[in-house]
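Please read them with the structure open.

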Amino acid sequence: MNKKTYFIRTFGCQMNESDSDMFGAYLEQLGYMPTDNVDEADIVIVNTCSVRQHAEERAFTEIGDLKHYKAKNPAGKVVVVGCMAERMGKELKVKFPHIDLLVGAKSAEQFPEIMKKSGIIADTRDARATTEKIAAPDKPVRNDTKTTDESATTKITTFVTISRGCNNYCSYCVVPYVRGPEEYRPVEEIVEEITKLTANGLKEATLLGQNVNSYRSVMSVIDPASGSYTLKEADFSDLLAEIHKIVGLKRIRYMTNHPKDVSDKFIKTIASLNKVCTHIHLPLQSGSDRVLELMNRKYTFEYYYGLIRKLRYHIADISITTDLMVGFPGETDKDFKATLDAVSKIKFDFAYVFKYSPRENTEAFKLGDTVNKETKEKRHKELLDLCNAVAREKNSKYLGKLAEVLVESRQSDTGEYMGKTKDNRAVVFQSARELLGQSINIKIKEAKVHSLIGENIA
Ligand code: 5AD
Ligand code: SF4
């Protein structure tokens, strides 16, 4: 009998990618196999994003197209999960009657339970295995298997969710509404998950949360003399220190960081732990204090710039990436200029530039969408061009030098390997030798905006 198969399409952030990995891992525990061909899948999952209108439109198209899948495979099941399922589930069901099941972002961890109850899958195993939370995949699995040759056993890097939800209510952002308030996984649970994965060959873990710096939990501290233990409050720095102790784990990454919660303790911690990679993603959003205030970001540019100086003082080779937004309601030419100036002053290693997208129910929605489309386009292009020029310039400091990379994937079509430097630069190179999972030095020949091209001289 042919094995049953599933297909997952993921939109949006790393949290969604990580959730999709977990959904896939769960289905694989039940004997399902992943497929790249949607038409042959028994279950099709669309994991959606609501951060910007554009992401929602793409998911609408994808879900709409599944009408044809359903016509060809009447027994096939369409499951829509994530932020859109949370935000507009009923509306989706009316618009797309071929959806069999909705699992909102707040219920992502109950995916197995909900799938079971719906009757879409038959899971006769001990209920505890599936109702508490999705068992961590035995082997770290990334969502890019379509484009790479990695087999599950050679997976090197994975995302590990440490918190869900967000308490910050930035005025433009839908996340606190669709994902709910922050909830933190216990230190011990996170450490146990990464320890198990490391025993299976994992080299690098990226800790995920909407705002990792507000992580808090309690952890037990054992007194070696008496064997008794006490409970101690733990923040993100304490969590990093615990993960750092895992033998065999080579690298620790984390994202995303809210500038308002970046403490001196955190900066000193990342500077002192050598497995913690020299990269921080620190969204600035705007260089204008007036706009930052309207965005409810709770910091000024001066404060943000102070953080950058502290980070660079303690970790000289740290790379700093950011998110920027243009066209926030009321953004003037002067405000926009402040963002351009901020980029010229800070020189980010990379920046994602977004056009403001009004999201219903958020505070900023009440301000209207006052910056016209043409101005948004123009500002977007100007800022992106500047950021990309800076990124290329920053990358070019590697030219002719050796860069130490952890090799994490191989493209199936070109046979090229991709590894990342500690400061999060993707290095692409050819090799006749099998290199997945190894740390090697690559000579850099060319600097692009998004990557470095290198040569394996070993
Ligand atoms: N419009 C445009 N960009 C947005 N972001 C969040 N909400 C919106 C929105 N309504 C951007 C922010 C955030 C990143 C993940 O997405 O820059 O840091
Ligand atoms: Fe959205 Fe702000 Fe929370 Fe980030 S910190 S998820 S931008 S509300």
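**Notes on the model**

1. The centres of domain 1 and domain 4, taken over C-alpha atoms, are 33 Å apart. The chain is split into four stretches: domain 1 (5-129), domain 2 (137-277), domain 3 (302-396) and domain 4 (402-456). Keep in mind throughout that this is a predicted model.

2. Ligand 1 comes next. Its shell holds Val51, Arg52, Tyr172, Gln285, Asp323, Met325, Phe354, Lys355, Tyr356, Ser357 and Arg359. By class, that shell has five nonpolar, two polar and four charged residues. Two strands, β14 (319-326) and β15 (350-355), each give at least two residues to the shell around ligand 1.

3. Which side chains place a polar atom 2.6 Å from an oxygen atom of ligand 1? Gln285 does, and Asp323 does as well. In the side chain of Arg52, an N or O atom is 2.9 Å from an oxygen atom of ligand 1. Alone, ligand 1 would expose 400 Å², and the protein buries 85% of that area.

4. How many cavities of 30 Å³ or more does a search of the whole structure find? The search finds two. The second largest cavity contains about 40 Å³ of space. Its lining consists of Asn16, Asp19, Phe23, Asn47, Val81, Gly82, Val103, Gly104, Ala105, Ala108 and Arg179.

5. α1 (14-29), β4 (77-82) and β5 (101-104) each contribute at least two lining residues. α1 has the largest share, with three residues. The lining of the second largest cavity divides into five nonpolar, four polar and two charged residues.

6. Two backbone features deserve a look. Most residues other than glycine have a negative phi, and most peptide bonds are trans. The peptide bond from Met255 to Thr256 is cis, with omega near 0°. Thr256 sits in the loop between β12 (251-255) and α9 (264-272).

7. The other backbone feature is at Lys347. Its phi is positive, near 55°, and this residue is not glycine. Where does Lys347 lie? Lys347 is in the loop between α12 (333-346) and β15. β15 is also one of the strands that supply the shell around ligand 1.

Definitions and conventions:
Residues are numbered from 1 along each chain as its sequence is written. Chains are lettered from A and ligands numbered from 1 in the order in which they are written. This is a predicted model: local features need pLDDT of at least 70, side-chain atom pairs count only at pLDDT 80 or more; totals for chains, interfaces and linings use all residues. Side-chain values use heavy atoms; hydrogens and water are left out. A residue is near a molecule or strand if one of its heavy atoms lies within 4 Å of it. A polar contact is a pair of N or O atoms within 3.5 Å; within protein, one must be able to donate a hydrogen and the other to accept it, and residues adjacent in sequence count only if both atoms are side-chain atoms. Accessible areas come from the Shrake-Rupley method with a 1.4 Å probe; for residues, only the protein chains shown count as cover. Helices (H or I, at least four residues) and strands (E, at least two) are DSSP runs, numbered from the N terminus. Ala, Val, Leu, Ile, Met, Phe, Trp, Tyr, Cys and Pro count as nonpolar, Asp, Glu, Lys and Arg as charged, and the others, Gly among them, as polar. Domain bounds come from an automatic or database domain assignment. On a 1 Å grid over the protein atoms alone, a cavity is a set of points where a 1.4 Å probe fits but cannot get out, and a pocket is an open set with protein on both sides within 12 Å along at least five of seven lines; lining residues have an atom within 4 Å of a point. Grid points are joined across faces, edges and corners, and a volume is the space filled by probe spheres set on the points.
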